[in-house]
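I opened this notebook to keep track of what I looked up, one topic at a time. The structure I worked from comes next.

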Amino acid sequence: MVYLNYTNLDNETQERLVSISKKDVEQKFGNDLKRYAKEHHLKYETLLEEEALKNLYSYDYVFNI
């Protein structure tokens with residue numbers, strides 16, 4: 001679960017969430033993504049960013065109001 005303060009959803013918090021998601025995706029699928037990027041001539045970082053954004057939807061969020 002990801003705990004967020006409802007009054008603090010600024011750009012810095014959003015970047016932190018994407019960073020956490022990137023690490024999570026890289027840990028789970030890093031080798032597969034690198035292989036896929038190489039086979040399809042894609043930039044690994046772009047692919048990782050896209051997958052990290054998709055991964056954010058799989059998190060459970062708890063908002064503290």
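**Confidence.** I noted at the outset that this is a predicted model, with a mean pLDDT of 88 for the protein and 89% of its residues at 70 or more.

**Cores.** I looked up the largest nonpolar core and found 6 residues in it: Val25, Leu33, Ala37, Tyr44, Leu47 and Leu48. Helix 1 (11-39) and helix 2 (44-55) are the elements that give two or more residues to this core. Another core, of 5 residues, lies apart from it and has Val2, Leu17, Leu56 and Tyr59 among them. I then checked Tyr44, which touches Glu26, Gly30, Leu33, Lys34 and Ala37, leaving aside residues up to four places away in sequence.

**Charged pairs.** I counted 4 salt bridges in the structure, one of which joins the side chains of Lys22 and Glu49 at 2.8 Å, N to O. Because Lys22 lies in helix 1 and Glu49 in helix 2, this pair ties together parts that are 27 residues apart in sequence. Lys28 and Asp24 also meet in a salt bridge, at 3.6 Å, and both lie in helix 1, 4 residues apart, about one turn of the helix. I recorded Asp24 as buried, since its relative accessible area is 18% and buried means under 20%.

**Surface.** I found a nonpolar surface patch of about 430 Å², made by Leu9, Tyr61, Phe63 and Ile65. Ile65 sits in the segment after strand 2 (61-64) and is exposed, with a relative accessible area of 91%.

Note on methods:
Residues are numbered from 1 along each chain as its sequence is written. This is a predicted model: local features need pLDDT of at least 70, side-chain atom pairs count only at pLDDT 80 or more; totals for chains, interfaces and linings use all residues. Side-chain values use heavy atoms; hydrogens and water are left out. Patches are made of residues with over 30% relative accessible area and no salt bridge: like charges are joined within 9 Å, nonpolar side chains (Val, Leu, Ile, Met, Phe, Trp, Tyr) within 5 Å. Accessible areas come from the Shrake-Rupley method with a 1.4 Å probe; for residues, only the protein chains shown count as cover. Buried means under 20% relative accessible area, exposed over 50%, partly exposed in between (1.4 Å probe, protein chains only). A nonpolar core is a set of buried Ala, Val, Leu, Ile, Met, Phe, Trp, Tyr and Cys residues joined through side-chain atoms within 4.5 Å. Contact means heavy atoms within 4.5 Å. pLDDT is the predictor's confidence in each residue, from 0 to 100.
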